[in-house]
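Hi,

Here is the structure I promised to pass on to you. Have a look at it first, and then read on for what turned up.

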Amino acid sequence: MAERPTYQRRGAQLRMPTFQDAVGQVAARGAAQTGQALDRMTSFFLQQTEQQAQIRGEEYGALHAPTREQLKDAMEGKDDIDLPGGNFTVADRAARKAALAITSDNLQHLAQARITEIVLDAYETQKDPTDLATEVDAVIAGYGDILDKNAPTLALNFRAKMGMYANREYESYAKSQIKTSTSSNKASVTQILLNERAGIASGGVIQ
Amino acid sequence: MSGLTVPLLILTAVSSAAAGAAKVKAAKYQRNSYYSQARQAELKGRSDALAYKREGIDILRNVQKTMATANVRAAAGGLAPFVSGESTSLINIASMRGAADEFSVQTDNASLAQSMSQAQADNLRQAGDVGVQMARKNAKIGFVQTMAQAGLMTGFTGNAVPMNSGSMNQINLSGGQILAGG
């Protein structure tokens, strides 16, 4: 019997062409650029807002800082001072910082004025230097206590500054006292010698 | 606002607008490139479809040869080649079934190649257009951003008297006399 051929399959398969989503890529790239631009703009506006808040806070803090009278009252009554601002927001922190700076300046001014009064009084009454030092220390401690609760760091700084100032004043007063005391001693010795000389001249005997 | 600030602001605006226009122009060149790629994709699709069709024709030609050979051999062997139900007829039907399957696959391949290339071309054209749209949008945002920054940097909302204004250039002397400067 003759052989009859059949069709030999070639193995044809369904082929799916590849598809590249260019729109997605372009849109993603463009959106990313838009996002970056908006990010930059947002951060710039945030920066501006922060600066505005800081300025506003500083102004508020400066306006509402305790007055010298309030500080005097606080020292005399040992009350706490009421400082504006806080630690949570930028405006709060700026207000507190400005208020503390002004309070510190005012306290220094008050303390220096009081120390000057005490020193002048000491010159007039020829007070003992140790008493002067005690009084001046009391003034520094009194004003320093006001800052202790609200601003311990500033209180330390205040005490250090005022301590140096008080030391200069004390040193100056002590030197002046030594000088006065030396002159006074010389004068009294001279007077004694003159008296002795007068006694000798009048025929007296030195015993 | 001082005399120098306005020209600087104008320069900033012009520079920003020029930068934006350059970006849009670059996007348009990119769009042209995408259009070319789209045309290429279409041509490649048609070319691929043609190749698949050619393969389909080869399959038909092949099965035709196979059936002819079977018929000839059957006739030479004393068998009736065209009688329905005979073995030759059954063999030829089997051949046709295989060939029809493969021909169908190649037709589908051609159709897929053509439609997918068309989709790819449309996608590429759309990508070009989207790129230009995005560039325009980004240029506008960039312009607004630059002008806002420049405005906030140079703007002044307070009530200060400018240093070069007339009121600062005169000195009041005793006796009501005014010494004008500048």
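Before the details, one term: a crossing of two helices is right-handed if the near helix is turned clockwise from the far one by less than a right angle, and left-handed if anticlockwise. Please also keep in mind that this is a predicted model.

With that term in hand, helix 2 of chain A passes helix 3 of chain A in a right-handed crossing. The two pack at an angle of about 65°, and their axes are 10 Å apart, helix 2 covering residues 68-77. Angles of 65 to 115 degrees count as roughly perpendicular, so helix 2 of chain A is roughly perpendicular to helix 3 of chain A. On the helix 2 side the residues are Arg68(A), Leu71(A) and Lys72(A), and they meet Asn106(A), Leu107(A) and Leu110(A) in helix 3 of chain A. By class, this contact holds three nonpolar, one polar and two charged residues.

Helix 2 of chain A has another partner, helix 4 (residues 129-150) of chain A: here the angle is about 105° and the axes are 9 Å apart. That makes this pair roughly perpendicular too. Leu71(A), Ala74(A) and Met75(A) from helix 2 of chain A make the contact with Gly142(A), Tyr143(A) and Ile146(A) from helix 4 of chain A. The classes here are five nonpolar, one polar and no charged residues. Leu71(A) takes part in the contact with helix 3 of chain A and also in the one with helix 4 of chain A.

Helix 3 of chain A deserves a look by itself. It runs over residues 90-125, which is 36 residues, and spans 52 Å from its first C-alpha to its last, close to the 52 Å expected at 1.5 Å a residue. Just after helix 3 of chain A comes Gln126(A), with a positive phi of about 55°.

Now for chain A as a whole. Its secondary structure amounts to five helices and zero strands, in the order α-α-α-α-α along the sequence. Of its 207 residues, 20% are buried. If you count contacts in chain A between residues at least 6 apart in sequence, 66% of them join residues at least 24 apart.

And what does the contact between the chains take from each? It takes 31 residues from chain A and 42 residues from chain B. On the chain A side, these are 17 nonpolar, seven polar and seven charged.

Enjoy exploring it!

Best wishes

Technical notes. Residues are numbered from 1 along each chain as its sequence is written. Chains are lettered from A and ligands numbered from 1 in the order in which they are written. This is a predicted model: local features need pLDDT of at least 70, side-chain atom pairs count only at pLDDT 80 or more; totals for chains, interfaces and linings use all residues. Helices (H or I, at least four residues) and strands (E, at least two) are DSSP runs, numbered from the N terminus. A residue is buried if 20 or more other C-beta atoms lie within 10 Å of its own, exposed if 12 or fewer, and partly exposed in between; C-beta atoms are placed from the backbone. Two residues are in contact if their C-beta atoms, placed from the backbone, lie within 7 Å. Ala, Val, Leu, Ile, Met, Phe, Trp, Tyr, Cys and Pro count as nonpolar, Asp, Glu, Lys and Arg as charged, and the others, Gly among them, as polar. The expected span of a helix is 1.5 Å times one less than its number of residues. Axes are lines fitted to C-alpha atoms, for helices over the stretch in contact, and angles run from 0 to 180 degrees between N-to-C directions. Angles under 35 degrees count as roughly parallel, over 145 as roughly antiparallel, 65 to 115 as roughly perpendicular and the rest as oblique.
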